[in-house]
Amino acid sequence: MFRDRKHIEFNKGKFTFHSIGTHFLNLIRSIHFRLFLLFLIIGIPAVYLMAFTDRYYYRQELVKSEVAKIQTKAAVIAADYKNCTTLNDAKNNGLYNDMVKYSTMNQVRIRIVNPNYEIESDSYSIETGKIILNSRVISSFNSNKSLSGFDKNSGAIEAVVPLINSNGTTMGI
């Protein structure tokens with residue numbers, strides 16, 4: 001039936017180095033194996049690159065979304081201070097207690113800074129009365145604009161919103 005002696009030996013279970021080498025060389029020479037290697041060589045770096053870039057852009061969009069959300073919340077809190085004329089007036093109206101409750105519920109830290117860069121109110125009650133040196137706070141006082149950003153070193157999102165009273169003057173940040 002089979003005339004090829006090597007094929008008969010292989011089917012009988014007699015392995016020789018010559019038959020194994022021949023089959024291995026035939027495997028390497030086959031187009032299927034070459035296509036498999038080609039897809040492997042091209043596919044592994046492509047999948048790695050795609051996973052890396054997806055993770056990078058996903059994190060970037062997540063941070064951008066969280067910054068926008070916190071900026072909006074800070075603007076809502078700042079709007080509560082509009083009806084007050086001074087920061088002491090706001091404290092007497094109960095806005096400090098509301099700030100502490102909001103801070104506890106949302107796990108955020110809120111600090112109110114007066115124009116002398118002194119922290120008037122701190123929702124954690126740690127830095128009240130201390131001077132703050134933060135570029136966003138200083139820039140916000142100078143420009144009367146809201147600023148926000150993500151600090152890569154600490155992993156914190158900061159939002160700075162001016163507190164403008166009913167007279168149109170900035171009473172704090």
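The second largest pocket is lined by Tyr56, Arg59, Gln60, Val63, Phe150 and Lys152. Four of these lining residues, the largest share, come from H3. The model is predicted, and local features need pLDDT of at least 70, side-chain atom pairs count only at pLDDT 80 or more, and totals for chains, interfaces and linings use all residues. Residues are numbered from 1 along each chain as its sequence is written, and side-chain values use heavy atoms, with hydrogens and water left out.

On a 1 Å grid over the protein atoms alone, a pocket is an open set of points with protein on both sides within 12 Å along at least five of seven lines, a cavity is a set where a 1.4 Å probe fits but cannot get out, and lining residues have an atom within 4 Å of a point. Points are joined across faces, edges and corners, and a volume is the space filled by probe spheres set on them.

| Space | Volume | Lining by class |
|---|---|---|
| Largest pocket | about 710 Å³ | 19 nonpolar, three polar, four charged |
| Second largest pocket | about 220 Å³ | three nonpolar, one polar, two charged |
| Largest cavity | about 50 Å³ | six nonpolar, one polar, two charged |

Ala, Val, Leu, Ile, Met, Phe, Trp, Tyr, Cys and Pro count as nonpolar, Asp, Glu, Lys and Arg as charged, and the others, Gly among them, as polar.

The largest pocket takes at least two lining residues from each of helix H3 (31-80), strand E1 (111-113) and strand E4 (156-160). Helices (H or I, at least four residues) and strands (E, at least two) are DSSP runs, numbered from the N terminus.

The structure holds one cavity of 30 Å³ or more. H4 gives three residues, the largest share of the lining of the largest cavity.
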